[in-house]
Amino acid sequence: MGGTAAAAGLAAGAFVAGRATASEGDAPARRTDAFSFRGEHQAGITTPAQDRLHFAAFDVTTGSRAQLIALLQAWTEAADRMTRGLPAGEGGPTEGASNLPPDDTGEAIGLPASGLTITFGFGPSLFRDEQGRDRFGIADRQPAALRTLPHFPADMLDPERSYGDLCVQACADDPQVAVHAIRNLARIGFGTVAVRWSQLGFGRTSTTSTSQSTPRNLFGFKDGTANVKAEEPAAVEKHVWVGAEDDAKAAWLAGGSYLVTRRINMHIETWDRQPLGDQEGFVGRTKASGAPLSGGQEHSEPDFEMPGSEGPVIPVDAHVRVVHPDFHQGARMLRRGYNFVDGSNPLGGLDAGLFFIAFVRDPDTHFIPIQNAMAKSDALMEYLKVTGSALFAAPPGAAAGEYVGQALFEA
Amino acid sequence: MRKTVAAALLVAAPLLAACTENTRADGEDTGDTRAVSVTSTDDGCELSAVEAPAGTLTFDVKNDGSQVTEFYLLGEDGLRIVGEVENIGPQLSRELVVNAPAGSYVTACKPGMKGDGIRADFTVSESDDAPSASADDQGVVDQALANYQAYVQDQSDQLVAKTEEFVQLYKDGDDDAARALYPEARVHWERIETVAESFGDLDPMMDAREADLEEGQEWTGWHRIEKDLWPPATGYQALTPAERAEYADDLMANTETLDGRVQELTYTVDQIANGSRGLLEEVATGKVTGEEEIWSHTDLWDFQANVDGARVAYEGVQPIVEAKDPELAATLTERFAALQALLDEQKTDTGFVFYDDLSQDEIQALSNAVNALSEPLSRLTAAVLS
């Protein structure tokens, strides 16, 4: 999806990978990178977007706070290991006792870390149940902005693809590595959590670093041209990380971020029948280079005032205009979405679209107004159907010896 | 999983039962007099030592032959199995770790897995580290084995009695009564399902579902009769009284054959532990999905019976697990209880809610509880043998 303004800065972010500057089609060179799981912020946010995704949401099935904490400790340990390219458990897939199931499932034997990042989040339902009762003694720490997202026009949500008490985003350059991570974490969680839904994504639709070229979504357009990028530290601070003063009740979330997911189905076959000129008008960019219809190159600033033969040259309902920060008090998102194809529907159409992921400092200012504007007046909505939706709070990174989200439960 | 091996060998002294491991954490340890290298070839069985001090012995068995081999540590009589490691393919190595007190033993490599094997004497000498097989522990194990054997025999007896009653009702055309008894009789089958299934000839004749059949295979047994008692609305030809009698008598005869064989069975603790895990796997793959009883929808009776059998098996070895891994024992006890609480919610005056009346949320909750129990249960056998 088109989007927010480019203001490419410099300065490396928190990611570990040694990478050259921008070049086209350089993904294979990164396949053996390893990103540190621990740090000030969780990895998998400003980390250069990997090519593959497996995202899972979980429901907590225990009422025990101690069990929940024990799971977060076990998950932290396993995530720390797997992101270094090690097996999920200390025994490993083939070295343990032959009369025990191995503590790693083994499909990642011989594969490098592949840029794996594992990012955890907490949903509103972790804090309070449907009746508003405190589930784990943390209700008084629920961030004000962490609520079930409101219904947006044209939402056709499937509850089995929406919401969740916990989430895990696993991204890697090898799909087997991402699936291995979710599979092993789910296994560790049996008895404490159950998978509510999960989603595979096979092609990043955003860039989170200026070192990456802009990929295309399933509409065939470049996506994420104007994303917040790791090399813009001031923009990342302003738009992505929750500040220490943002929410008095939720100091634990400082240095974290809000994670929005939206499963956006595309009416692929209908879209493909639209004339090229119409497609470009819906998006507000050219299909070939991604330049705004007001001219220039991919990264040129769009000129929303430039007149055309009938109204502005960038149409009033073009996606790039409707969601642009100029019309939303400058609010920008760090988007990290993935294309998905889950086979075909019963009528033979592709069950496909964009699994939208965004990290924002405050969904009330950085997501909900923009989504409302899009749902109300974006020309693209004709070709979209939102089937899944969720909001999570992604805590800050875990330091050595800590578990992810520790500040929520202690101190 | 593999079916429980019911054609039991001699009951090995379970405290001495071996566990096998692929590698040792400490790697090469040539100075350890309790570490013995074994090289099995097509016509030889070479040991690096013929004597070791009492304690935990590690036999590192390498197959340098061209056939699959086995290695045994046998008692002085050459019959009692103290420890064994099976299925070692050519050029592969496996370890046998076994706790052995002082005494005379016999070692055997069995290339080709046939015959008596290539045997030699082996001596375990007195040592301060000798294992203490306390009388109490041995008593616990003996009790567990005896109890489980009695449980299986009792369930088999009840299965015979109720099947007899059921097939008579069915032959007499008293369909309402037959339908009411169907799930209650099958409870006794499902409680010992892993044992019953270990008889590979009887299981398909007694418990095959229509979807299990090969092209051209004749369909007999419980589910054949199930379909006749709960027939599909269209396109089904009801069985004639003569056909009914044929299927009913066949089921009864097979049930009696099963009962006869069950009386002969003995068990080892690891077989009991494996049986517990296997019964939960039956739940996960057949019952919680509603695939077992697609016509009668009485899956929850089977579900409960599988859980009963798994719990009885677990409770038999529970004192052993509590001594060796108290945390695992606590988790298993708690999760059996959690699963039972969910099943209790579905109980009715006549048994259980029918599977097709369950909501998706209820099925999901049951499935979550089965997963929660199955994961720690997969470590039960190793804990019992540790």
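1. Over residues 144-380 of chain B, the chain is 72% helix and 2% strand, with the end C-alpha atoms 15 Å apart. Helices (H or I, at least four residues) and strands (E, at least two) are DSSP runs, numbered from the N terminus. UniProt, in an unreviewed entry, places the feature "domain: Imelysin-like" on this stretch of chain B; its positions are given in the numbering used here, feature names are shortened, and annotations may be inferred rather than shown by experiment.

2. The model is predicted: local features need pLDDT of at least 70, side-chain atom pairs count only at pLDDT 80 or more, and totals for chains, interfaces and linings use all residues. Residues are numbered from 1 along each chain as its sequence is written, chains are lettered from A and ligands numbered from 1 in the order in which they are written, and side-chain values use heavy atoms, with hydrogens and water left out.

3. Chain B is divided into domain 1 (14-132) and domain 2 (137-385), with bounds from an automatic or database domain assignment. Their centres, taken over C-alpha atoms, are separated by 38 Å.

4. Over all chains there are 30 aromatic pairs. Rings of Phe, Tyr and Trp (its six-membered ring) pair if their centres lie within 6.5 Å; planes under 30 degrees apart count as stacked, over 60 as edge-to-face and the rest as tilted. Trp75(A) and Phe120(A) have ring centres 5.5 Å apart and planes at 20 degrees, so this pair is stacked. Trp75(A) lies in helix 1 (residues 65-83) of chain A and Phe120(A) in strand 2 (residues 117-122) of chain A, so the pair ties together parts 45 residues apart in sequence. Both residues are buried (under 20% relative accessible area; exposed is over 50%, partly exposed in between; 1.4 Å probe, protein chains only).

5. In chain B, the ring centres of Phe166(B) and Trp222(B) are 5.2 Å apart and the planes at 35 degrees, so the pair is tilted. Phe166(B) is in helix 1 (residues 135-171) of chain B and Trp222(B) in helix 5 (residues 222-229) of chain B, 56 residues apart. Phe166(B) and Trp222(B) are buried.

6. Eight of the eight residues of helix 5 of chain B are buried, so this helix is largely enclosed by the rest of the structure. Among them are His223(B), Glu226(B), Lys227(B) and Asp228(B).

7. Glu410(A) is in the segment after helix 9 (406-409) of chain A and is partly exposed, with a relative accessible area of 36%. The side chain of Glu410(A) makes a polar contact with the side chain of Tyr403(A) (2.9 Å). A polar contact is a pair of N or O atoms within 3.5 Å; within protein, one must be able to donate a hydrogen and the other to accept it, and residues adjacent in sequence count only if both atoms are side-chain atoms.
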